[in-house]
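Visitor: I have a structure here that is new to me. Can you walk me through parts of it?

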Amino acid sequence: MATGIDIQNVFHFEPFTNVPILDLALADKPETKPVFISWLRYALLNTGNWYLVGHGVDDQLLGTVKELATKVFDLPANEENRLDESNSPHFWGLTRVGRGTTEGKRDYREDFDLGNDLPCQWKEGDPLYVKTRPGPNLWPSKEFLPDFKKTYQVFIAEMTKLGDKIEGLIEEALELPKGTFAAYKDENVKAGGRVKIARYPPLDKLQSEGEEGPKFGVGPHKDLWLTFTLPANEHAGQEVANPAGSWIPCPPLSGMSSFVVHIGSALESISRGSIVATPHRAMNPASGTSHFTVYYLHEISPHVTFADLDKGAEGLNQELVATAKARRRWWILRNSLGKSKLQNLISAAKRTAEASSDSGEPLVHRHSGVLLI
Ligand SMILES: [Fe+2]
């Protein structure tokens, strides 16, 4: 098969110690696009995450998004109660400290979840997961945060365009047929992904309150498809695991507008393990003020099954797959994917059982973002 991929040399043996920085502006010019594609291929096959700069999302918009992210957790008690996630059948809104979990373990964070504001399409007899999205958001009142709704609507629209662009470039980097990923989209996810705003309180506050247990803002996990992480204040709480099991910090880049992009489990599946979904976590500050992070989760349809992903994988360069398998056996063994999926399954099933007795359908576990069957 004719290929532009130097298959024998594209895999690196040493566990990565730095998260690569990719400049998306390179992809906009024909003469520099091949450079971007080769860096993207390196990141896909060896690290599973990267800083994205030159992304084209307006700095002023991102500034407002960050500012509002810190304010949404500082509303009057009545408004907080109105925005409580228990008031939304779509799991939008505010999740209080200690209610979020990863792989069954309690995390130390507070979330505000929202997405594209479409009507719910669930009807009697549909699987429960149809209820999870789309559905109307719980928007903070204009009285308290007048710019929140319009700012986050524009943010979702911009991030959706960015996610679509990265998907197209991933297809090119893997030499997948153009449009391979389009088969996994429905009209709802095409309209926009999800946003999770997280607040990570300082650990000394937890200790002073006499609590025990949670040690992470978000425990080690993998996402579903493509996640864009935007720190809303300057902190170094985000970490990714390298194949040797070491945690590599990815603090905000000084003086540069950047996201950290994570590859998720479904993308790993469609590549038959050629590309890497890297476990990652978020650490709380030891003391001082809370950390705030905005996540944009670019998605695929919740109806997608692993059999569908397998079909897309047929377009892959099989020499690439075989080489990845031969060289990455040690990675797979270290990360115990089966155990991780089982734990997520239990966690998601518990959450689902709380809402309904429906089961047995493909399900996106909305907090860990892991695709389950
Ligand atoms: Fe994540």
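Visitor: How many residues of strand β7 are buried?
Guide: In this predicted model, 7 of the 7 residues of β7 (residues 194-200) are buried. Buried means that 20 or more other C-beta atoms, placed from the backbone, lie within 10 Å of the residue's own; 12 or fewer is exposed, and in between is partly exposed. Strands (E, at least two residues) and helices (H or I, at least four) are DSSP runs, numbered from the N terminus.

Visitor: Which residues sit on each side of β7?
Guide: R194, K196, A198 and Y200 are on one side, with V195, I197 and R199 on the other, and both faces are covered.

Visitor: Which way does strand β6 run against β7?
Guide: β6 (residues 110-115) and β7 run antiparallel, joined by 6 bridges. Strands pair if DSSP finds at least two bridges between them. L114 has V195 of β7 as its bridge partner.

Visitor: And how many bridges are there between β7 and β14?
Guide: There are 7, again in the antiparallel sense, with β14 covering residues 291-298. In that strand, T293 stands opposite A198.

Visitor: Switching to helices. How do α1 and α5 lie to each other?
Guide: Their axes come within 9 Å and cross at roughly 85°. Axes are lines fitted to C-alpha atoms, for helices over the stretch in contact, with angles from 0 to 180 degrees between N-to-C directions. The two helices are therefore roughly perpendicular, a term for 65 to 115 degrees; under 35 is roughly parallel, over 145 roughly antiparallel and the rest oblique.

Visitor: Which residues make the contact?
Guide: I37, L40, R41 and L44 of α1 meet L169, I170, E172, A173 and L174 of α5. Contact means C-beta atoms, placed from the backbone, within 7 Å.

Visitor: What does α5 span?
Guide: α5 (residues 148-174) reaches 38 Å from first C-alpha to last, close to the 39 Å expected for its 27 residues at 1.5 Å a residue. The expected span is 1.5 Å times one less than the number of residues. Just after α5, E175 takes a positive phi of about 55°.

Visitor: What is the average pLDDT?
Guide: The protein averages 82, and 82% of the residues score at least 70. pLDDT is the predictor's confidence in each residue, from 0 to 100. Over residues 329-373 the pLDDT is below 50, though this stretch has 69 contacts in the model beyond near neighbours in sequence.

Notes
Residues are numbered from 1 along each chain as its sequence is written. This is a predicted model: local features need pLDDT of at least 70, side-chain atom pairs count only at pLDDT 80 or more; totals for chains, interfaces and linings use all residues. Two residues are in contact if their C-beta atoms, placed from the backbone, lie within 7 Å.
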